[in-house]
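Here is a briefing on a two-chain model. Keep the structure open while you read.

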Amino acid sequence: MTNGGGIQEGNIVDLISIQKTFDRIKAVNDVSIGIKEGEFFSLLGPSGCGKTTLLRVIAGFEVPEMGDVLINDKLVNSVPPNKRPTNMVFQNYAIFPHLNVAENVGYGLRNSKLDKNLLQKRVRETLNLVGLDGFDNRSSTALSGGQRQRVALARALILEPRVLLLDEPLSALDKNLREQMQFELRQLQKSVGITFVLVTHDQTEALTMSDRVGVMFDGNVDQVATPEDIYNKPRTKRVASFIGSMNFFDAEVSVRQDNSIIALNNNLGKIRLKKESVFGMEGSKLSVGIRPEKFKLISNDNKEAGRAVSAIVYEKSFLGQTKLFNLRFKDSENVITVSTSDLKNAPNPHIGDAVKFIWDEEDLVGFYEE
Amino acid sequence: MSFSEQDKKGWRLLGLPFIFSLLLLAVPLATMFALSFWTQDYLVLKKTFTLANYKQAWFEPVFQTLFTRSLLISFTVTVFTIIFAFPVAYFISFYGGKRKALWLFLITIPFWTSYLLRMFLWKVILGYNGVLNSFLEWIGAITEPLTFLLYNSNAVVLALVHGWAPFAILPIFVSLEKIDRSLLEASNDLGDTAFKQFFRIILPLSMPGVVGAVLIIFIPTIGDYITPKLVGGPEGLMIANMIQVQFSKANNAPLAAALSVTSLLIVGSISILFVLLNKKHLRNY
């Protein structure tokens with residue numbers, strides 16, 4: 001697959017054609033990904049897509065049947081987790097209940113035969129790094145979710161791994177704390193400079209925190225790209241619909257030109273798409289996607305009204321910063337969603353009103369249907 | 001004093017168990033305790049307070065020997081049972097897969113036979129013309145039967161370790177089952193080898209089960225009566241055998257009671273001390 005795989009200069013982790021099967025179900029199917037040194041990389045996908053398995057392959061808890069794992073350009077296929085330069089923050093944090101906070105954090109360092117005073121100093125420094133000053137002697141069973149997460153983080157970071165693996169670390173936290181931790185994790189990653197690989201099913205989390213995101217479905221990686229590209233230039237229809245919301249229209253290809261494709265849809269009429277934003281095995285049927293905020297509602301006296309399409313408002317909702325309109329076409333089942341954040345100037349039609357809208361061709365993406 | 005409806009309901013609910021424990025636990029214990037301060041002359045009980053029974057029980061060499069031997073045997077049995085039971089429990093918990101229930105079932109099968117029979121069978125195995133001697137003679141390893149196998153403390157220890165094994169396996173198994181497997185991955189991830197992991201995570205977290213097993217085995221075996229009687233011979237006898245003799249043949253129930261109370265005190269204080277020493281392992285996670 002062409003998604004950043006293959007050994008490249010500056011990669012800290014290279015996954016090459018990884019395949020892992022559980023009970024005859026392919027959890028990971030021929031996945032190749034290169035993770036760059038020092039980046040914040042997220043594996044994003046719905047539950048059961050194989051993202052956690054892939055993370056565990058990097059950690060060494062799962063051994064793939066096929067493919068190679070390289071960490072720091074060394075083949076580590078048969079290297080056990082305790083010998084890999086990776087450390088993991090587990091989904092349930094896996095804090096040792098019989099040890100206090102300092103003993104938990106210093107757990108891995110005890111293996112390095114470090115001088116006792118030095119060890120204590122390092123533990124305190126790391127606790128300070130994650131914002132748990134003075135928690136040394138606290139019982140690990142008397143911590144809140146957020147504190148447990150910080151202990152798990154400190155316990156992994158103290159070993160200064162080349163790669164820190166995080167398995168849905170924020171999923172157990174409530175919304176406010178989660179947003180705060182997203183920010184803190186990002187800051188922490190920048191300050192320590194360690195490569196972070198985060199597994200998450202939360203699109204917002206992946207987009208806000210990461211330098212690059214790998215989107216996975218059914219054991220395959222559909223796209224590896226920056227958050228902007230994932231959002232604006234999704235490569236497959238499932239990526240497009242998984243990240244944010246998107247309107248889809250079925251269309252028939254009518255004309256192919258050098259740089260663009262013209263397709264026909266019952267409701268939108270002639271649609272022109274850029275050739276570079278149409279993906280998939282070339283065919284005659286196309287699914288055209290556009291984000292709700294890329295539609296622009298216009299008033300009848302607008303000079304662009306000539307190229308506008310008209311539909312009827314049947315639902316509207318106010319979401320604070322934005323307003324959502326659900327529109328329906330005459331004689332059609334098709335429904336589209338339009339959102340606008342320009343609450344001052346954009347038309348504000350009532351339910352039942354006809355409204356006109358336009359779009360720009362560069363905001364369209366197309367996916368050939370099988 | 002007046003009772004509310006709820007109080008009455010509570011008394012009705014608790015009444016029967018309360019009478020049950022009173023009659024079957026408290027009364028016998030109190031009787032034995034009282035008895036230990038009396039004296040007996042043939043069949044007549046003299047109910048004047050005396051410490052003579054305790055003086056005899058604590059200072060006469062024969063009783064001291066029996067107490068020491070009982071403690072030693074019970075201690076050895078406990079240690080060996082735990083040592084043998086732990087790997088079994090570990091295997092079932094970590095490698096039992098989908099057959100854990102089957103394994104546990106198999107372990108409890110010997111319990112379908114009576115304890116007496118199982119102990120008696122050790123006589124058949126270890127005896128002069130027993131299974132072991134016959135086998136060794138048959139393969140030519142010995143020319144005449146070994147006599148040190150049966151009728152001594154070692155035979156008692158062997159039989160008791162066998163008899164009590166499941167009582168150690170089950171609590172240890174339960175505590176191993178309770179260990180969150182992600183803790184093992186975490187320790188592995190943080191650099192532990194399997195060996196280190198055992199001593200840093202698995203053993204400390206399974207201590208509640210180990211402590212439970214120790215108490216379950218130590219407390220009853222010290223007062224075991226049947227096993228030393230069957231396979232112990234004269235030098236394998238334990239304190240319970242003496243208590244029985246005092247109660248019946250020797251017609252000295254007060255001395256028997258004093259021996260019983262003493263043995264109760266010894267077992268009780270050792271058990272409490274043991275639990276206190278392991279207090280930090282017994283937190284409920």
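Which side chains meet in a salt bridge at 2.6 Å, N to O? They are those of B:Glu185 and A:Arg56. The model is predicted.

**Chain B: overall build**

- Chain B holds 12 helices and two strands.
- Read from the N terminus, the order of elements is α-β-β-α-α-α-α-α-α-α-α-α-α-α.
- The chain is more spread out than a compact globule, because its radius of gyration is 24 Å, well over the 19 Å that the globule rule gives for 285 residues.
- The C-alpha trace spans about 75 × 70 × 35 Å along its principal axes.
- Of the 285 residues in chain B, 40% count as buried.
- Take the contacts in chain B with a separation of 6 or more: 69% of them come from residues 24 or more positions apart.
- Chain B exposes about 16,500 Å², and carbon and sulfur atoms supply 73% of that area.

**A nonpolar patch on the surface**

- Eight side chains belong to a nonpolar surface patch: B:Phe18, B:Ile19, B:Phe20, B:Leu22, B:Leu23, B:Leu24, B:Leu25 and B:Val27.
- Together these residues have about 790 Å² of accessible area.
- One of them, B:Val27, is found in helix 1 of chain B, which covers residues 5-35.
- B:Val27 has a relative accessible area of 38%, so it counts as partly exposed.

**Interface between chains B and A**

- On the chain B side, 19 residues are in contact with 22 residues of chain A.
- The size of an interface is often given as the accessible area lost when the parts come together.
- Here the two chains bury about 1,900 Å² between them, with 51% of it on carbon and sulfur atoms.
- In chain B, the residues that lose the most area to chain A are B:Asp189, B:Leu190 and B:Arg200. Together they make up 38% of what that side buries.
- The count of salt bridges between chain B and chain A is one. That pair is B:Glu185 with A:Arg56.
- B:Glu185 and A:Arg56 also belong to a network of salt bridges that includes A:Glu62.

**Salt bridges within the chains**

- Side chains of opposite charge can pair when their charged atoms come close.
- Over all chains, the structure holds 19 salt bridges.
- In chain A, A:Arg256 forms a salt bridge with A:Glu282, with the closest N and O atoms 3.6 Å apart.
- This pair links distant parts of the chain, 26 residues apart. A:Arg256 is in strand 11 (residues 247-256), while A:Glu282 is in the loop between strand 14 (278-279) and strand 15 (285-290).
- A:Arg256 is partly exposed at 38% relative accessibility, whereas A:Glu282 is exposed at 60%.
- In chain B, the side chains of B:Glu177 and B:Lys100 meet in a salt bridge at 3.0 Å, N to O.
- B:Glu177 lies in helix 7 (residues 153-177) and B:Lys100 in helix 4 (residues 100-108), so the pair ties together parts that are 77 residues apart in sequence.
- B:Glu177 counts as partly exposed at 30% relative accessibility. B:Lys100 is also partly exposed, at 21%.
- B:Glu177 has a salt bridge with B:Arg181 too, at 3.7 Å, N to O.
- B:Arg181 is partly exposed, with a relative accessible area of 29%.

- B:Phe198 has its place in helix 9 of chain B, residues 194-222.
- Leaving out residues up to four places away in sequence, B:Phe198 touches B:Phe86, B:Tyr90, B:Leu203 and B:Pro204.
- B:Phe198 and B:Pro254 are 56 residues apart in sequence. In space, they are 50 Å apart, C-alpha to C-alpha.

Methods. Residues are numbered from 1 along each chain as its sequence is written. Chains are lettered from A and ligands numbered from 1 in the order in which they are written. This is a predicted model: local features need pLDDT of at least 70, side-chain atom pairs count only at pLDDT 80 or more; totals for chains, interfaces and linings use all residues. Side-chain values use heavy atoms; hydrogens and water are left out. Patches are made of residues with over 30% relative accessible area and no salt bridge: like charges are joined within 9 Å, nonpolar side chains (Val, Leu, Ile, Met, Phe, Trp, Tyr) within 5 Å. Accessible areas come from the Shrake-Rupley method with a 1.4 Å probe; for residues, only the protein chains shown count as cover. A salt bridge is a side-chain nitrogen of Lys or Arg within 4 Å of a carboxyl oxygen of Asp or Glu. Helices (H or I, at least four residues) and strands (E, at least two) are DSSP runs, numbered from the N terminus. Buried means under 20% relative accessible area, exposed over 50%, partly exposed in between (1.4 Å probe, protein chains only). The radius of gyration is taken over C-alpha atoms; the globule rule is 2.2 Å times the number of residues to the power 0.38. Contact means heavy atoms within 4.5 Å. Buried area is the accessible area (1.4 Å probe) that two parts lose on being put together, summed over both.
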